[in-house]
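Visitor: I am new to this one. Please show me how to read it, feature by feature.

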Amino acid sequence: MSEKRKYKKRYCKYCEAKVDFIDYKDVANLRFSLSERYKIMPRRLTGNCKRHQDMISTVIKRARAAALVPYTVTRKAVVTNPFENLK
Ligand SMILES: [Zn+2]
């Protein structure tokens, strides 16, 4: 996977899609704002605006509490696609 290509454009894709509400259960969507180790991507990489970044961070923290997104990933789990076991 080419990880670097994903964050090339600097617009907020949530503004582009006119998103007003982000569902914490929509993990596939949240994945865009998470790094390989499930850390929340900084705004300078995703290009999100402040408003949506705040929304995302809230939602991701909520998803973590609901065990939809892991808090941390061990080194071994990082190698392939860690999301496979969620499908
Ligand atoms: Zn936005």
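Visitor: How much of the contacts with a separation of 6 or more comes from residues 24 or more positions apart?

Guide: First, the idea: two residues are in contact if their C-beta atoms, placed from the backbone, lie within 7 Å. In the protein chain, residues 24 or more positions apart account for 74% of the contacts with a separation of 6 or more. Keep in mind that this is a predicted model: local features need pLDDT of at least 70, side-chain atom pairs count only at pLDDT 80 or more, and totals for chains, interfaces and linings use all residues. Residues are numbered from 1 along each chain as its sequence is written.

Visitor: What is the average pLDDT of the chain?

Guide: pLDDT is the predictor's confidence in each residue, from 0 to 100. The protein chain averages 81, and 75% of the residues score at least 70. Among the elements, α4 has the highest mean, 94. The lowest mean, 62, belongs to α5.

Visitor: How many helices and strands are there?

Guide: Helices (H or I, at least four residues) and strands (E, at least two) are DSSP runs, numbered from the N terminus. The protein chain has five helices and zero strands. Read from the N terminus, the order is α-α-α-α-α.

Visitor: How do I check the span of a helix such as α4?

Guide: The expected span is 1.5 Å times one less than the number of residues. Helix α4 covers residues 50–65, 16 residues, so it should span 22 Å. The C-alpha atoms at its ends are 23 Å apart, which agrees.

Visitor: Which residues of α4 are buried?

Guide: Count neighbours. A residue is buried if 20 or more other C-beta atoms lie within 10 Å of its own, exposed if 12 or fewer, and partly exposed in between, with C-beta atoms placed from the backbone. In α4, the buried ones are H52, I56, V59, I60 and A63. They cover an arc of only 105° around the axis, so they sit on the same side of α4. The arc is that of the directions from the helix axis to the C-beta atoms.

Visitor: What is on the other side of α4, and what covers the buried residues?

Guide: K50, R51, D54, T58 and A65 are exposed on the other side of α4. The cover over the buried residues includes α1 (13–16) and α2 (27–30). Across the protein chain, 14% of the 87 residues count as buried.

Visitor: Which residues make up the largest nonpolar core?

Guide: In soluble globular proteins, nonpolar side chains tend to be buried together. A nonpolar core is a set of buried Ala, Val, Leu, Ile, Met, Phe, Trp, Tyr and Cys residues joined through C-beta atoms within 7 Å. Here the largest has seven residues: L30, L34, I56, V59, I60, A63 and V69. Its largest share, four residues, comes from α4.

Visitor: Let us take single residues. Why does I56 count as buried?

Guide: I56 counts as buried because it has 24 C-beta neighbours inside 10 Å. Leave out residues up to four places away in sequence, and I56 touches I22, S33 and N48. Y24 is 32 residues from I56 along the chain, yet their C-alpha atoms are separated by 8.7 Å.

Visitor: What does V59 touch?

Guide: With residues up to four places away in sequence not counted, V59 touches I22, Y24 and L30. V59 is buried, with 22 other C-beta atoms within 10 Å. V59 and I22 are 37 residues apart along the chain, and 7.0 Å separates their C-alpha atoms.

Visitor: And H52: buried or exposed?

Guide: H52 counts as buried, with 22 C-beta neighbours inside 10 Å. Leaving aside neighbours within four places in sequence, H52 is in contact with C12, Y14, C15 and V19. H52 and I22 are 30 residues apart in sequence and 8.9 Å apart in space, C-alpha to C-alpha.

Visitor: Where is K18, and what is its phi?

Guide: K18 lies in the loop between α1 and α2. Its phi is positive, about 55°, although K18 is not a glycine. K18 is exposed, with 6 other C-beta atoms within 10 Å.

Visitor: What about A67: which loop holds it?

Guide: A67 is in the loop between α4 and α5 (75–78). Just after α4, A67 takes a positive phi of about 65°, although A67 is not a glycine. A67 is exposed, with 8 other C-beta atoms within 10 Å.
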